[in-house]
Amino acid sequence: MRDFITPPGEIFTIAHLGMPTVDMSTWSLSVEGLVAHPIRLNLEELQARPATEKTVFHECFGNPLEPHVPVRRVVNVTWLGVRLAELLAEAAPRPSASHIWFEGLDTGDFGEHVGIHYLKDLPLDVARRDVLLAYGMNGAPLEPARGYPLRSVAQGMFGTNAVKWLRRVIVADARPDHLFTTELYNRLEPGRDEPVPVREVDVNSVLAYPRGGAELPAGTVEVTGWAWSTTEVVSVEICVDDGPWERAQLAPRGDDPAWQRFHQPRRLDPGRHRIRCRAADAAGRVQPEAPTRNRVQEVRVLVREP
Ligand SMILES: Nc1nc2c(c(=O)[nH]1)N[C@H]1C(S)=C(S)[C@@H](COP(=O)(O)O)O[C@H]1N2
Ligand SMILES: [Mo]
């Protein structure tokens, strides 16, 4: 949580179906389905295409059966790869195309679902705008756990949409009926009565320093953390105990959908304290106090006598 770019060793790993073994002598990526010109490419051919680099936050939604539990599993990394739009332009989706399905080559059992692949979908226009097919991370080739040789990255969206060990991009005219698309990973959002797919992230922030349970020397601490949303975060406020909410210094987002650093020096007297942070974004969304997954975070610290 210290660095703007998270070092590889500090990135969480999620693999619902276990880690696959990839045979690079047979691996390829295909773009198929409702297209005029299906494409099949190996890694070298992908890497020979114009490359795009993007620094983006990467947040796990958490257990899809507990959509309101705060997880705060988030990192920020730089991806290198080919824009999906580029391959779609070549494949030429048919007029009836409306969705893109992303299929990983990992396969396994999940509950009573036997021998399934990891599969996610996005509307075609969103996939064309926001998806990078990444073969590199933080200046190195993708590591096996990150999805080597290729994964999709859907910027601004929860990590569940970023399909690792990608092998097929299927152009279709509907959503796929699948455990990870229509069954799990759907949630009720405020103001809606139908569940919607878990895609765009909520406005959110985490404290990086001090950590919950920390013992600190008396004096001034630099309260520090990260904030992110689908749009730019425009303010982060910090509250100590029952004092007022005070605005922290906040870094701008820049061109990429990366997380933003905030910090604020606070004098803390000896004793126990509660520190909270609250982000608001350019769309006018503010982290709630209500029990939702992006509720305001609070940490408790102990400041020692000098
Ligand atoms: N093929 C495949 N892709 C996947 C998953 C998976 O189980 N299989 N898990 C998803 C989930 S829930 C998350 S949060 C991210 C985690 O990416 P990471 O392990 O690189 O941090 O990958 C997503 N992509
Ligand atoms: Mo996740």
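The questions and answers below concern the domains, salt bridges and backbone of a predicted model.

User: Which domains does the domain assignment give, and how many Å separate their centres?
Analyst: The assignment divides the protein chain into domain 1 (8-197) and domain 2 (204-304). Taken over C-alpha atoms, the separation between the centres of domain 1 and domain 2 is 31 Å.

User: Which three residues supply 39% of the area that domain 1 buries against domain 2?
Analyst: The contact takes 21 residues from domain 1 and 17 residues from domain 2. About 1500 Å² is buried between the two domains, with carbon and sulfur atoms giving 55% of this area. On the side of domain 1, the 39% comes from three residues that supply more than any other three: Phe57, Arg72 and Val74.

User: Which element gives the largest share of the side of domain 1 that touches domain 2?
Analyst: Across the interface there are 10 residue pairs in polar contact. Two or more residues on the side of domain 1 come from strand E3 (52-59) and also from strand E4 (74-83). The largest share, six residues, comes from E3.

User: How many nonpolar, polar and charged residues does the side of domain 1 that touches domain 2 have?
Analyst: The area buried between domain 1 and domain 2 draws 55% from carbon and sulfur atoms. By class, the side of domain 1 has five charged residues, five polar residues and, for the nonpolar class, 11.

User: Which residues are linked with Glu59 and Arg293 in a network of salt bridges?
Analyst: The count between domain 1 and domain 2 is two salt bridges. Arginine 293 and glutamate 59 meet through their side chains in a salt bridge at 3.4 Å, N to O. The network that holds Glu59 and Arg293 also links Arg187, Glu189, Arg192 and Asp202.

User: Are arginine 187 and aspartate 202, which meet in a salt bridge, buried or exposed?
Analyst: Their side chains meet at 3.1 Å, N to O. Arginine 187 is in strand E11 and aspartate 202 in the loop between strand E12 (196-197) and E13, 15 residues apart. Relative accessibility is 7% for arginine 187. Aspartate 202 has a relative accessible area of 13%, and with the cut-off for buried at under 20%, arginine 187 and aspartate 202 are buried.

User: What parts of the chain does the salt bridge of glutamate 103 and arginine 168 tie together?
Analyst: The two side chains meet at 3.0 Å, N to O. Glutamate 103 is buried at 9% relative accessible area, whereas arginine 168 is partly exposed at 28%.

User: Is tyrosine 185, which has a positive phi, buried or exposed?
Analyst: Most residues other than glycine have a negative phi. Phi of tyrosine 185 is near 60°, and this residue is in the loop between helix H4 (179-183) and strand E11 (186-187). With a relative accessible area of 5%, tyrosine 185 is buried.

Conventions
Residues are numbered from 1 along each chain as its sequence is written. Chains are lettered from A and ligands numbered from 1 in the order in which they are written. This is a predicted model: local features need pLDDT of at least 70, side-chain atom pairs count only at pLDDT 80 or more; totals for chains, interfaces and linings use all residues. Side-chain values use heavy atoms; hydrogens and water are left out. Domain bounds come from an automatic or database domain assignment. Contact means heavy atoms within 4.5 Å. Buried area is the accessible area (1.4 Å probe) that two parts lose on being put together, summed over both. A salt bridge is a side-chain nitrogen of Lys or Arg within 4 Å of a carboxyl oxygen of Asp or Glu. A polar contact is a pair of N or O atoms within 3.5 Å; within protein, one must be able to donate a hydrogen and the other to accept it, and residues adjacent in sequence count only if both atoms are side-chain atoms. Helices (H or I, at least four residues) and strands (E, at least two) are DSSP runs, numbered from the N terminus. Ala, Val, Leu, Ile, Met, Phe, Trp, Tyr, Cys and Pro count as nonpolar, Asp, Glu, Lys and Arg as charged, and the others, Gly among them, as polar. Buried means under 20% relative accessible area, exposed over 50%, partly exposed in between (1.4 Å probe, protein chains only).
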